[in-house]
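Visitor: Could you take me through one part of this model in detail? I would like to see how two neighbouring pieces of the chain are put together.

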Amino acid sequence: MIARRSSSDRPSAAPLAVAERNPAAETKGSINLRIGTQTRHLIDEAAAVLGKTRTEFMVESARNVAIDVLLEQRLFALDPQRYDAFMQALDNPPAPGPKLRALLRRVPAWET
C-alpha cells in the first residue's frame with residue numbers, strides 16, 4: 001500500500017485488518033522472559049505510572065511495536081514529488097535485461 005501525503009500530514013496508526021476469530025475458541029498462552037533486575041524495575045515503574053500491571057504494560061508495548069514493524073513492511077509514505085516518480089517508474093518499467101531473461105528460462109527447483 002502506498003500513501004501519498006503532503007509535508008503537513010503525519011502518518012497515523014491505522015487499525016490492521018485481522019481475520020475474525022470465534023471469541024469462544026480463542027485461548028491465552030504464556031510467554032516466559034528472563035530479564036535483568038534493572039530492566040524489570042524500569043518496566044514496573046513505567047507500568048505503575050500508567051496504572052497498569054507489568055503484564056498489561058509489556059503486552060501492550062510489545063503489541064504496539066509489532067504493529068509498527070508490520071506497518072513499516074506494508075505502508076510507506078512519500079512526498080508528492082517522490083510519489084509521482086514512483087508511479088512513473090511503476091507505469092514505465094525498464095525492458096527485461098539478459099539476467100532476467102535467463103532467470104525466467106530456468107526450471108524452478110520444485111519442478112526438478
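Guide: A contact here means heavy atoms within 4.5 Å. In this predicted model, residues 24 or more positions apart account for 62% of the contacts with a separation of 6 or more. The chain has 4 helices and 2 strands, and from the N terminus its elements follow the order β-α-α-β-α-α. Of its 112 residues, 6% are buried.

Let us turn to helix H1 (residues 37-49) and helix H2 (residues 54-74). Their axes come within 9 Å and cross at roughly 95 degrees. Angles of 65 to 115 degrees count as roughly perpendicular, and H1 and H2 are therefore roughly perpendicular to each other. On the H1 side, Arg40, Ile43, Asp44, Ala46 and Ala47 take part in the contact, and they meet Arg54, Phe57 and Met58 of H2. Sorted by type, the residues of this contact are 5 nonpolar, no polar and 3 charged.

Two of the residues in this contact, Asp44 and Arg54, also form a salt bridge through their side chains, at 2.6 Å from N to O. This pair links distant parts of the chain, with Arg54 in helix H2 and Asp44 in helix H1, 10 residues apart. Arg54 is partly exposed at a relative accessible area of 37%, and Asp44 is partly exposed at 25%.

The structure holds 2 salt bridges. Glu60 counts as partly exposed at 37% relative accessibility, and Lys52 is partly exposed with a relative accessible area of 28%.

Technical notes:
Residues are numbered from 1 along each chain as its sequence is written. This is a predicted model: local features need pLDDT of at least 70, side-chain atom pairs count only at pLDDT 80 or more; totals for chains, interfaces and linings use all residues. Side-chain values use heavy atoms; hydrogens and water are left out. Axes are lines fitted to C-alpha atoms, for helices over the stretch in contact, and angles run from 0 to 180 degrees between N-to-C directions. Angles under 35 degrees count as roughly parallel, over 145 as roughly antiparallel, 65 to 115 as roughly perpendicular and the rest as oblique. Ala, Val, Leu, Ile, Met, Phe, Trp, Tyr, Cys and Pro count as nonpolar, Asp, Glu, Lys and Arg as charged, and the others, Gly among them, as polar. Buried means under 20% relative accessible area, exposed over 50%, partly exposed in between (1.4 Å probe, protein chains only). A salt bridge is a side-chain nitrogen of Lys or Arg within 4 Å of a carboxyl oxygen of Asp or Glu.
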